[in-house]
Amino acid sequence: MRLTALNSRSHRHRLLAPLARTDKQRRIRLGAWHRHLLELTTLALSGTGLAWIILHYFFSVHTAWGVTPSPWEAIVLSGHGASMQLFLLLWGSLFSNHINLGLRQSRNRITGWCLLCLLATLTLSGWMLYYLSNEELRPLVSLLHWGSGLLVVPLFFWHPYQKKIKRQSKD
Ligand code: HEM
Ligand code: HEM
């Protein structure tokens, strides 16, 4: 009788629940190389983006025939494109465990959702910058793109600490 109770599904579930929880918590955390690569590519993306803004607004040559962009703009943008590809790969890999389990456990949700919205805006506006040939819309899309790009950096570095700061302020 007792043995049957011990073997029952609900009993096993109660015994294994803490284990399952810690396993899920472990799976939200990223491996060191994964986290560092994400940080590195975020810095490379924003660094090349910022370099483009400086070159475009302060180093373009204005002549009687119009504006000639700095030759460095194209070089910097090719670096932006390279880091973007690695970043998209790493960001995509977060969906199966990190984002899925983080949402189910309701942890770091606000900054997580803000990150997701900004990254979706960046991806969509990046695509529009590359493929859309509407010259009237381009300055607006460009502003939306690098505006969200500048916002995403502090949010990205703050996001892992959201819960810790909340917990500390409760103590
Ligand atoms: C709604 C979506 C998201 C949720 C609910 C979420 C949840 C979490 C949680 C709970 C942690 C703390 C893990 C721990 O210390 O145990 C965390 C850390 C982290 N998150 Fe997110 N996250 C989301 C989206 C994202 C996105 C889109 C990125 C980046 C592109 C990201 C990057 C990171 C990084 C780099 C850490 C630090 C990882 C570590 O300490 O190993 N997260 N997230
Ligand atoms: C998910 C992340 C990102 C993606 C997918 C992305 C994608 C792109 C793409 C496809 C372009 C067009 C390149 C071209 O015309 O040759 C671009 C341009 C640009 N990106 Fe990003 N980017 C991302 C993040 C960022 C960040 C974090 C910044 C930081 C400021 C940024 C700033 C810029 C700037 C200034 C330009 C040039 C705008 C223009 O040509 O008018 N991007 N990006």
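Cysteine 114 is partly exposed, because 15 other C-beta atoms lie within 10 Å. A residue is buried if 20 or more other C-beta atoms lie within 10 Å of its own, exposed if 12 or fewer, and partly exposed in between, with C-beta atoms placed from the backbone. This is a predicted model, in which local features need pLDDT of at least 70 and side-chain atom pairs count only at pLDDT 80 or more, while totals for chains, interfaces and linings use all residues. Residues are numbered from 1 along each chain as its sequence is written, and chains are lettered from A and ligands numbered from 1 in the order in which they are written.

Cysteine 114 sits in helix H6. Its C-alpha atom is 9.6 Å from that of phenylalanine 156, which is 42 residues away along the chain. Helix H6 also holds alanine 120. Alanine 120 counts as exposed because it has 11 C-beta neighbours inside 10 Å.

## Overall make-up

The protein has 8 helices and 2 strands. Helices (H or I, at least four residues) and strands (E, at least two) are DSSP runs, numbered from the N terminus. Read from the N terminus, the order of elements is α-α-α-β-β-α-α-α-α-α.

Of the 171 residues in the protein, 7% are buried. Two residues are in contact if their C-beta atoms, placed from the backbone, lie within 7 Å. Among contacts between residues at least 6 apart in sequence, 70% join residues at least 24 apart.

## Helix H3

H3 has 27 residues, and the distance from its first C-alpha to its last is 38 Å, close to the 39 Å expected at 1.5 Å a residue. The expected span is 1.5 Å times one less than the number of residues in the helix. Thr41, Leu45, Gly49 and Trp52 are buried in H3. Helix H4 (72-92) and helix H7 (138-158) are among what covers these buried residues.

## Strand E2

Threonine 68 belongs to strand E2 (residues 66-68). Threonine 68 is exposed because it has 10 C-beta neighbours inside 10 Å. Leaving out residues up to four places away in sequence, threonine 68 touches Ser60, Val61 and Thr63. The C-alpha atoms of threonine 68 and histidine 56 are 9.6 Å apart, and the two residues are 12 apart along the chain.

## Around ligand 1

Ligand 1 is surrounded by 22 residues, of which Gly102, Arg107, Asn108, Gly112 and Pro160 are the closest. Two or more residues of this shell come from each of helix H2 (9-28), helix H3 (32-58), helix H5 (95-104) and helix H6 (109-131). A residue is near a molecule if its C-beta atom, placed from the backbone, lies within 6 Å of it. H6 gives the largest share, 6 residues.

The shell around ligand 1 divides into 12 nonpolar, 6 polar and 4 charged residues. Ala, Val, Leu, Ile, Met, Phe, Trp, Tyr, Cys and Pro count as nonpolar, Asp, Glu, Lys and Arg as charged, and the others, Gly among them, as polar. Ligand 1 lies between domain 1 (1-30) and domain 2 (32-170), because both give residues to its shell. The domain bounds come from an automatic or database domain assignment.

## Around ligand 2

There are 23 residues around ligand 2, and Gly49, Leu122, Gly126, Ser142 and Gly149 come nearest. At least two residues of the shell come from each of H3, H4, H6 and H7. The shell around ligand 2 has 15 nonpolar residues, 8 polar and no charged.
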